[in-house]
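Keep the structure open as you read.

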Amino acid sequence: MKHFTHLKDFTIDELNAIIDSAIALKKSAPAGLPLAGKSLAFCFMNPSLRTQVSFSVATASLGGHPVTLSLGSGGTWGMESVEGVVMDGTAAEHLKEAVPVLGRMCQGLGLRSFPAGKSWAEDKKENALAAFIKYSTVPVINMESASGHPCQALADLMTIRERMEPKKKNFLLSWAPHVKALPMAVPNSAVEIASMAGMNVTIARPEGYDLDPEVMARVGNNCAANGARLSLTDKVPQSFDGQHVVYGKSWGSLSEYGKPPSSDPAFRKKWTISAAKMQRTEKAIFMHCLPVRRGLVVEDAVLDGPWSVVIDEAENRLHTAKAVLLHLLASPKPAPARRHRK
Amino acid sequence: MKHFTHLKDFTIDELNAIIDSAIALKKSAPAGLPLAGKSLAFCFMNPSLRTQVSFSVATASLGGHPVTLSLGSGGTWGMESVEGVVMDGTAAEHLKEAVPVLGRMCQGLGLRSFPAGKSWAEDKKENALAAFIKYSTVPVINMESASGHPCQALADLMTIRERMEPKKKNFLLSWAPHVKALPMAVPNSAVEIASMAGMNVTIARPEGYDLDPEVMARVGNNCAANGARLSLTDKVPQSFDGQHVVYGKSWGSLSEYGKPPSSDPAFRKKWTISAAKMQRTEKAIFMHCLPVRRGLVVEDAVLDGPWSVVIDEAENRLHTAKAVLLHLLASPKPAPARRHRK
Amino acid sequence: MKHFTHLKDFTIDELNAIIDSAIALKKSAPAGLPLAGKSLAFCFMNPSLRTQVSFSVATASLGGHPVTLSLGSGGTWGMESVEGVVMDGTAAEHLKEAVPVLGRMCQGLGLRSFPAGKSWAEDKKENALAAFIKYSTVPVINMESASGHPCQALADLMTIRERMEPKKKNFLLSWAPHVKALPMAVPNSAVEIASMAGMNVTIARPEGYDLDPEVMARVGNNCAANGARLSLTDKVPQSFDGQHVVYGKSWGSLSEYGKPPSSDPAFRKKWTISAAKMQRTEKAIFMHCLPVRRGLVVEDAVLDGPWSVVIDEAENRLHTAKAVLLHLLASPKPAPARRHRK
């Protein structure tokens, strides 16, 4: 059975094939209703706008029935994911039941489960997603976990490919200020897929804001295999020089896990992505997964200026969602019936 | 691009054409699935029963895919609507991104956004709805804003038209007691559409409960243009004399904005709509947008008596929702293929 | 008009006919889309996973449009169900309006309304469900009320019938420990349908945990009419001897209503359903409605062992949901057109 949960499970050719399908679906609807008679449960343990709407619309547009669930809060039961515990706390249901049950009622499952933000060692286990993968009898889609957001990464690479041949182009992931210690899923996946696609990767971040070593090891290997550069720097605005893609994103520190970044005005000013910084690039496109805090992560002048592709990037969440659903669930086409010759 | 956000953007003929379509749709389903392949995002910043269900069912019944979103709370991100702010507060996303993104995934958007109830000057700006209109690339439906509830008004006029020719008939908007300072959207739209339809309009309300002067100016102009009467009074039960339509509704005071009305029993008794008051009318129909607080806004004997049309009025929310969707989104019919004569 | 709200409204033959339909639907989808053009509103006043997903998927798979509503909280208005009250509290809407309105927009309604857990005399009135039945003009489905969970009972009997002929087989309802005083709906319906199906019923529970006398009277009558045994016991593990079906479930005490059961370790150990207890049975199947607290209600070794049918039982919620929808809403088949003989 196929899942779509982590980029590392795929080769760049496989990911590009899904993106090829998304590009085709952006131009025209598929023939027929390939998901007719199929239901999918999209389970959210955290807020969502793009992911929720894109998977709902994608499923319906392919003839399927989307069920959007607020899992573990609100309308459903609190969920346990650890095996062997005595459930005398707040969780009323174990994923060991919930996931197989959903798999009996639906033909595919999605899960969004953010890290709790208290211990990276604990969050990195991705207990909820691991339970979905372990217990599911139907394909599972990772709609953002602690370690990655592969659906976002697909839309990101699609957006880049629509504008340039990524190989040997320069990709900057530039850390940005925030009021919260945000998850690292998006920056992890952004640099991972950029490195898979053969781009030169620069990560500009303050001291203490390095990404997870396992992710960085894969990124390093990818860059080495592709003959591309990987550089880390805390020099801004110099980091913007010569870039073709600027991916702005805030994330929390691993060394001071869960602690919000400094609110010092000079520090914020240094890292907020500005028009002045963008002007140092090679007419780079500006990317962000959204939602984005205007004036804090990035100046209005960048989002409203010629660099920004963030709305196109969000739209591509819809097309890549369709492509992922087809990749996981569409029946292979039967061989065309041969005509009998007379 | 067409929107359906404020009554003042339409002539009475245009509104009546939408209602004509609703009346036809109430009798029989439209041919085919005019919204096939189209998705709509209905965004709620506040509670809803009739609006939520009517737009969901209307969309599905026309072949479209409804996505009901709890925007700015619960399942999605807190939303900013003011331009130029540094987003270092609680809102994680700006409507300047969210609205265009939804417009890339869906073919139409609805928004319910109640006033905050602290400053009428601030609420009247309708920042969220204004942002939807400004940033949307697809049609926008106002599912109740601070200033009006045009979808309710359509159902209201349809309900009146099903029972009488509105021109020169007497329409009473009668203020009613409540435990909260309720929004003025419904009473604003009710008197505006009644005045557009040529009815004589009476507004009975306690001192300090006048509607917004801009709305009243439009209502006055409409009545003048139609040769109809507009009167304001605080005399109850005399206000009920000779009325053909009684529209009961509580709303908050503009002069003491956000303060709940008096709970004095004599004051409540004076304004609660009673069977005795209804008996003074010309066998008037009793209308209310619902939800309604029984025993406080209106006596059970009225809601359960011969005057009440509130359930029909609510049902008409469904048919007018379909008509609004078709008005905004249905492709114009192709010219019928000509038959070849032999 | 047909409803599906209480088991006592049906004969076992009628229930078995619905289950026959569910068994057929489990094998193959029905011809055509029997619910095309029909919408259903599933109203939840409490959390749900299986019920929510099963009715949504069942409705869509039959061609209908499901609307899942969080009623009386969250996205809609607080609901009043008592007649004649002055609504000056927190409830903004009376079911006397909400239910007929939903019936104008939808062709069927479902309601989940748990007991409040303060007074059994009050809870037993099932005010919300009673209001749905009283005010609805379309079929009503009880998706769990204070007194019963008939949809669960259908899936339960279907699960038993798939494995054995129930008549004269031994059915044990075994009380289990919990951190909360849970509702009695599921155990009530489980023993009621088992007794209707002609099984010998044993209820093993601690002192003070007897089920409602009205339910027990019906169960007693059913057993007497079927020549089957009904026994009550507080002897565990002896109660497991010779059983063919073990239905594990916790519920709160009627005599100390709303008070959680003892957390004494010895008491818990006595009542937690264990592999050792299951080994005393006649290779019984282990059933539970889910969600279930592992390690507290039942040992992991039972849920993960050869006895457990809980996932099949949950899957059958989907098939019985379809059968209930068809029972209530599908148009009777037109008589087949007669062929003209030549």
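Of the 342 residues of chain A, 58% count as buried, meaning that 20 or more other C-beta atoms, placed from the backbone, lie within 10 Å of the residue's own. This is a predicted model: local features need pLDDT of at least 70, side-chain atom pairs count only at pLDDT 80 or more, and totals for chains, interfaces and linings use all residues. Residues are numbered from 1 along each chain as its sequence is written, and chains are lettered from A in the order in which they are written.

Chain A holds 12 helices and 11 strands. These are DSSP runs, numbered from the N terminus: helices are H or I with at least four residues, strands E with at least two. The C-alpha trace of chain A spans about 70 × 70 × 35 Å along its principal axes.

Now the contact between chains A and C. It takes 25 residues from chain A and 29 residues from chain C; two residues are in contact if their C-beta atoms, placed from the backbone, lie within 7 Å. On the side of chain A that touches chain C, H3(A) gives the largest share, 7 residues.

Turn to chain C. Strand S1 (residues 39-44) and S2 (residues 65-70) run parallel, joined by 6 bridges. Strands pair if DSSP finds at least two bridges between them. Ser39(C) has His65(C) as its bridge partner in S2(C). All 6 residues of S2(C) are buried. His65(C), Val67(C) and Leu69(C) point one way, while Pro66(C), Thr68(C) and Ser70(C) point the other. In a regular strand the side chains alternate between the two faces of the sheet.

Definitions and conventions:
A residue is buried if 20 or more other C-beta atoms lie within 10 Å of its own, exposed if 12 or fewer, and partly exposed in between; C-beta atoms are placed from the backbone.
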